[in-house]
Amino acid sequence: MHGVVMVFFFLIPSIPAVLGNFLVPIMIGAKDLAFPRINLLSWYIYVLGGVFTLFAALSGGVDTGWTFYTPYSTAASNSHVMSAALGVFITGFSSILTGLNFIVTIHRMRAPGMTWFRLPLFIWAHYATSLIMILGTPVIAITVLMVAAERALHLGIFDPALGGDPVLFQHLFWFYSHPAVYIMILPAMGVISEIVQAFSRKNIFGYSFIAFSSLAIAVIGFFVWGHHLFVAGQSVYAGLIFSFISFLVAIPSAIKVFNWTATIYKGSVSLDSPMLYAFGFIGLFTIGGLTGLVLATMGIDIHVHDTYFVVAHFHYIMVGGAIMGYLGGLHYWWPKMTGKLYSEAWSKFSALIVFVGFNLTFFPQFIAGYIGMPRRYHAYPPEFQVLNVLSSAGASILAVGYIIPLIYFMYSLVAGEKAANDPWGSRGLEWEIPSPPPTENFTVTPVVTEGTHQYVHPSQEVGVA
Ligand SMILES: [Cu+2]
């Protein structure tokens, strides 16, 4: 249930729904998304799906794991698979409608002068994410529908006794769920591109490489799903090809990491809390990405398959990457969204706590997994005890790191100082309108003459507006 809730109801919507809905129109100089009512509809659909899945969680849970693998999910033993799967099915439409809304908005609603190559990199990231949402989400929706149909009607899609194939489910599931990793990480990458420029006082190094690497990740991401089936009886030749293509995804990801680093290099870097999260993202995402290459290597994957090594790897991507990006973005745009400032000292402190707690939680799991601790077991031999205690201690510290922002953000809403239009001294359309922005964002449609983050070198700065 942790996996179902976190993947489908938190990580996938977190940045697009919270930051994207707010920022996509502003950043391109538009009054709102192209279809505001469909946007509201996608919120209601999300809530409805959440109700079904929460019902499954509260009434006993699902014992299949978040992946709903057959034959567990089609066996009659656990009745809550139906409502959990229905929740995922319903919420999928929220993703599809949001992706559609973003794509139409970015194509049709850009202000005069906002050409494709002046778009903020946050927008490119959301454009690439939207493509995956539209192309991938229908597949997971149909797949969970087939599981439900199989359970109810015994059609023989996945049940070998009726002529079905349980591995077919894994193909369908990962055809969506690998690209879904990029639905979760690409928006975070977009956030990091914005933060790195703003807090290094430099325009991005290699704009078009970052923009196109988002599209490359979205496209290549659809051809790597077989790396989840290395031990599922897939042919060695198919495995080799999926392994090779998985290695290819590392290229656009590495392009981003190198370009962010080159942007920071010789920049006028200030270590405000959004930038601390960006540093966290770059380091932790790199560890997550490199261990992804380890897992994409077939021989090693057979050794560490279904161990805590995998758990550690994807949490470095999902938490070290996506959530670091989400928190960084939330801290960066909070003054814009609410018109209120929060405590800089507390936010730096909690960013540090999150970083320490995160690493203490998940780094020991690399070791535990490598020496053989399997996933999804509640009990383990004594030699894994120390590593598990470290993980539990880390998780407690991480929880503190998440609770502190909850407190100072709420405090800032009530008693925070008023935020100026541009509290960070950033350059971009969202920083030229009041905080919080008025309804329909702009009183006059802006005319765009340059890209975002065009900073002047301090020696040429005439005065601060
Ligand atoms: Cu994958």
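Start by selecting helix α1 (residues 2–28) together with α10; their axes come within 10 Å and cross at roughly 25 degrees. Axes here are lines fitted to C-alpha atoms, for helices over the stretch in contact, and angles run from 0 to 180 degrees between N-to-C directions. The helices themselves are DSSP runs (H or I, at least four residues; strands are E, at least two), numbered from the N terminus. What you have open is a predicted model, where local features need pLDDT of at least 70 and side-chain atom pairs count only at pLDDT 80 or more, while totals for chains, interfaces and linings use all residues. Residues are numbered from 1 along each chain as its sequence is written.

**Stop 1: α1 against α10**

How do α1 and α10 run, parallel or antiparallel? They are roughly parallel to each other. The cut-offs are simple: angles under 35 degrees count as roughly parallel, over 145 as roughly antiparallel, 65 to 115 as roughly perpendicular and the rest as oblique. The crossing of α1 with α10 is left-handed, a word used if the near helix is turned anticlockwise from the far one by less than a right angle (clockwise would be right-handed).

Now show the side chains of Leu11, Ser14, Ile15, Leu19, Phe22 and Leu23 in α1, which meet Met318, Ala322, Gly325, Tyr326, Gly329, Trp333 and Met337 in α10. Two residues are in contact if their C-beta atoms, placed from the backbone, lie within 7 Å. The residues of the contact of α1 with α10 divide into ten nonpolar, three polar and no charged. For these classes, Ala, Val, Leu, Ile, Met, Phe, Trp, Tyr, Cys and Pro count as nonpolar, Asp, Glu, Lys and Arg as charged, and the others, Gly among them, as polar.

Stay on α10 (residues 308–338) and pick Leu330. Leu330 is buried, with 21 other C-beta atoms within 10 Å. A residue is buried if 20 or more other C-beta atoms lie within 10 Å of its own, exposed if 12 or fewer, and partly exposed in between, with C-beta atoms placed from the backbone.

**Stop 2: the core and α5**

Which residues have the most contacts inside the largest nonpolar core? Select Ile123, Met184, Ile185, Ala188, Ile192 and Ile195; this core has 119 residues. The largest share of the core, 21 residues, comes from α5. A nonpolar core is a set of buried Ala, Val, Leu, Ile, Met, Phe, Trp, Tyr and Cys residues joined through C-beta atoms within 7 Å. Zoom in on Ile185, which touches Ile317, Gly321 and Ala322, not counting residues up to four places away in sequence.

**Stop 3: α7 and its two partners**

Colour α5 (residues 166–200) and α7 (residues 236–264), which pack at an angle of about 15 degrees with their axes 9 Å apart. That pair is roughly parallel, and the crossing of α5 and α7 is left-handed. Where they touch, look for Met189, Ile192, Val196, Gln197 and Ser200 in α5, and Lys256, Trp260, Thr263 and Ile264 in α7. This contact of α5 with α7 holds five nonpolar, three polar and one charged.

Highlight Ser243, Ser246, Phe247, Ala250, Ser253, Val257 and Trp260 of α7, which make the contact with Ile282, Thr286, Gly289, Leu293 and Ala296 of α8. By class, the contact of α7 with α8 has seven nonpolar, five polar and no charged residues.

**Stop 4: a tyrosine pair**

Go to Tyr408 in α12 (residues 385–415). Tyr408 is partly exposed, with 19 other C-beta atoms within 10 Å. Tyr408 touches Tyr342, Ser343, Trp346 and Ser347, not counting residues up to four places away in sequence. Tyr408 and Tyr342 are 66 residues apart in sequence and 6.3 Å apart in space, C-alpha to C-alpha.

**Stop 5**

Most residues other than glycine have a negative phi, and most peptide bonds are trans. Find Thr70 and Pro71, joined by a cis peptide bond with omega about 5 degrees; Pro71 lies in the loop between α2 (36–58) and α3 (81–108). Finish at Asp306, in the loop between α9 (298–304) and α10. Asp306 has a positive phi of about 60 degrees although it is not a glycine.
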